[in-house]
Every structure is written in C-alpha cells, then in structure tokens.
Amino acid sequence: KHSTTTRVDSPESEELLLWDATQVARVLGIGKTTLYSLESSGQLGPEPIRLGRCVRWRAWEIRRWVSLGCPLRTKWIRIVKTLQESAGGPKSSGLGQ
C-alpha cells in the first residue's frame, strides 16, 4: 500500500505538507464526522485539496486558521486574500509556512 501523505522534500525534515481527515480531526480534537460536517457547512475555513479520490488539507493553513480563531470560510477566504496581497505573492506561494 502506498502512502498518500505528502512530506517536505528534505531529508532533515519529516513535517507533513498535507493532512488527511484523520490527522486534521485529531489536531482539532474532533471526530472525522464532525470535521466533514464543518467542512460541508462552511464552518471549516480552509478548503480541502482533492488529489484523485484523496482529500487533504494544507497543514500550514489549518495551523494558521486555528491561530486566527477558526473563522468561518467566508471570512477565512478574505483573510487569506489579504495576507497574499500583503505578501505580494500568488495563492501557491506557501504563505504562512
């Protein structure tokens, strides 16, 4: 079985770039069912990335979202846009890492 979890491409770093639902739920202290409910209702700010049938969240984005008080998705999108504009970079710039 192949791992679908992505790691930083550096031998000295084993930090995960993307978290699956189990990892996100564990970090947030909730169950997977609650995680998916929050995601579908827009209460979970960061949107997941879909890689084929796999659903993943950016680890840095979950961390940043929690540090800013877990705002609703509509507010989170505005926050991220503002942060990107102030950083002068595109969406894929790795903002917040």
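Strand β3 (residues 54–58) is joined to β1 by two bridges, and the two strands run antiparallel. Strands (E, at least two residues) and helices (H or I, at least four) are DSSP runs numbered from the N terminus; two strands pair if DSSP finds at least two bridges between them. The model is predicted, with local features requiring pLDDT of at least 70 and side-chain atom pairs pLDDT 80 or more, while totals for chains, interfaces and linings use all residues. Residues are numbered from 1 along each chain as its sequence is written, and side-chain values use heavy atoms, without hydrogens and water.

Trp 19 has Trp 57 in β3 as its bridge partner. The three strands form an open sheet in the order β1-β3-β2, with antiparallel pairing. Its edge strands, β1 (18–19) and β2 (49–51), each pair on one side only. Helix α3 (residues 59–67) lies across β1 and β3, at about 55 degrees to β3.

The axes of helices α1 (residues 21–28) and α2 (residues 32–41) come within 9 Å and cross at roughly 95 degrees. Axes are lines fitted to C-alpha atoms, for helices over the stretch in contact, and angles run from 0 to 180 degrees between N-to-C directions. The helices α1 and α2 are therefore roughly perpendicular (65 to 115 degrees). Contact means heavy atoms within 4.5 Å; Ala 21, Thr 22, Val 24, Ala 25 and Leu 28 of α1 meet Lys 32, Leu 35 and Tyr 36 of α2.

Cys 70 is located in the loop between α3 and α4 (73–87). The phi of Cys 70 is near 60 degrees, a positive value in a residue other than glycine.

Key
Angles under 35 degrees count as roughly parallel, over 145 as roughly antiparallel, 65 to 115 as roughly perpendicular and the rest as oblique.
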